[in-house]
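Here are my notes on the model you sent over.

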Amino acid sequence: MREITYIQAVNEALDEALATNEEVFLMGEDIGVYGGGFGATKGLVEKYGKKRIRSTPISESAIAGTAVGAAITGMRPVIELQFSDFITIAMDQLVNQAAKMHYMYGGKVNVPLVMRTAGGSGTGAAAQHSQSLENWMAHIPGLKVIQPSNAYDAKGLLHAAIEDNNPVMFYEHKLCYKLSCDVPNEKYTIPIGVAAIKQPGTDITVVATGVMVHKALDVAKKLAPTGISLEVIDPRTLVPLDKETILKSVIKTGRLMIVHEAVKESGFGGEIASIVVESEAFYSLKAPIKRLGGAFIPMPYQKELEKAAIPQCEDIEAAAKTLMHEHKN
């Protein structure tokens, strides 16, 4: 174990996958000599050559379409879309082709491709480069959706995604790239569809995704001396979702808060809330479920407006206090 950043963990996973499986190759804009928009592929073209590290034209539809074709013929392409916003240009290839082929061909065709992309705000990249669109893809049968929050999870889940025979959407929050934690030197995988309890607690279950996991953990640490104990759960994968871990926690705590950066309206938090309401865990609730998400506006460029558009630590703290003090049971 040694401490490395999230982006280093992604780079390391890609390096290990390329070294151990000749079917793996990378495609994306500026991923060669430049090393990718955020440095995830730095040094790989020098090591594996341009046939396996393919810098592409600026055409997300061409990147995704080529990946689908390569995947169904036995390759394992890992594509990089520089910003999650650009998935809009590749929707037909991912939604109507990659997600459907295994089913429509009676299970005779696999589509083992991985789409990596950077999402989220916090860098002043404005409305066209800051969206969190992972919930879009979670709505599509046939796609798996992964959203790691730290370096350890990113490396292990990326290996699992590359080895999976299904198309996987792999979302990386830009603000997580520089965060570091202990990561094993060797190759390892984390099972897709298994949540992680990042902080055990007894009073409120907080289900958070992406960078919100770190904010929830900061709030949990701050509230602990006040007698409010938060159990912070990171689903890590939205599809398939580890419902059992979430429901067991809600039954224990009796309170649920869901926090994500994506717009609250029609967001994934609503799906988690409905799962709880439609289960036996509903009868354990001591308070209404609380959802925190992004404002229903395009992401502002101006720094303070950008910050105001998404949940912050003070919002999570206020919601936790409301759940505890205004809904005593």
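This is a predicted model: local features need pLDDT of at least 70, side-chain atom pairs count only at pLDDT 80 or more; totals for chains, interfaces and linings use all residues.

1. P240 belongs to the loop between β12 (237–239) and α9 (243–253).

2. S266 also has a positive phi without being glycine, near 60°. This one is in the loop between β13 (256–263) and α10 (268–277). Is S266 buried or exposed? It is exposed, since its relative accessible area is 70% and anything over 50% counts as such.

3. Now the whole chain. It holds twelve helices and 14 strands, and its C-alpha trace spans about 60 × 45 × 40 Å along the principal axes. The radius of gyration is 20 Å, which agrees with the value near 20 Å that a compact globule of 329 residues would have. Of the contacts between residues at least 6 apart in sequence, 82% join residues at least 24 apart.

4. The chain exposes about 14400 Å², with 54% of that supplied by carbon and sulfur atoms. There are 33 positive and 37 negative side chains, and the centres of these two sets lie 1 Å apart.

5. Next, the packing. In soluble globular proteins, nonpolar side chains tend to be buried together. Here the largest nonpolar core has 46 residues, and the members touching the most others are I87, L94, L113, M115, M137 and M169. Helix α3 (residues 60–72) gives the largest share of this core, six residues. Apart from that core lies another, of 38 residues, including A17, L18, V24 and Y188.

6. M137 is worth a click. Beyond its neighbours within four places in sequence, M137 is in contact with I87, M91, L94, V95, L143, V145, M169 and Y171.

7. Last one: H159, in helix α7 (residues 151–163). With a relative accessible area of 1%, H159 is buried. What does H159 touch, not counting residues up to four places away in sequence? The list is A13, E16, A17, K187, Y188 and T189. M299, by contrast, is 140 residues from H159 in sequence and 32 Å from it in space, C-alpha to C-alpha.

Note on methods:
Residues are numbered from 1 along each chain as its sequence is written. Side-chain values use heavy atoms; hydrogens and water are left out. Helices (H or I, at least four residues) and strands (E, at least two) are DSSP runs, numbered from the N terminus. The radius of gyration is taken over C-alpha atoms; the globule rule is 2.2 Å times the number of residues to the power 0.38. Contact means heavy atoms within 4.5 Å. Accessible areas come from the Shrake-Rupley method with a 1.4 Å probe; for residues, only the protein chains shown count as cover. Lys and Arg count as positive and Asp and Glu as negative; His and the chain ends are not counted. The place of a charge is taken as NZ of Lys, CZ of Arg, CG of Asp or CD of Glu. Buried means under 20% relative accessible area, exposed over 50%, partly exposed in between (1.4 Å probe, protein chains only). A nonpolar core is a set of buried Ala, Val, Leu, Ile, Met, Phe, Trp, Tyr and Cys residues joined through side-chain atoms within 4.5 Å.
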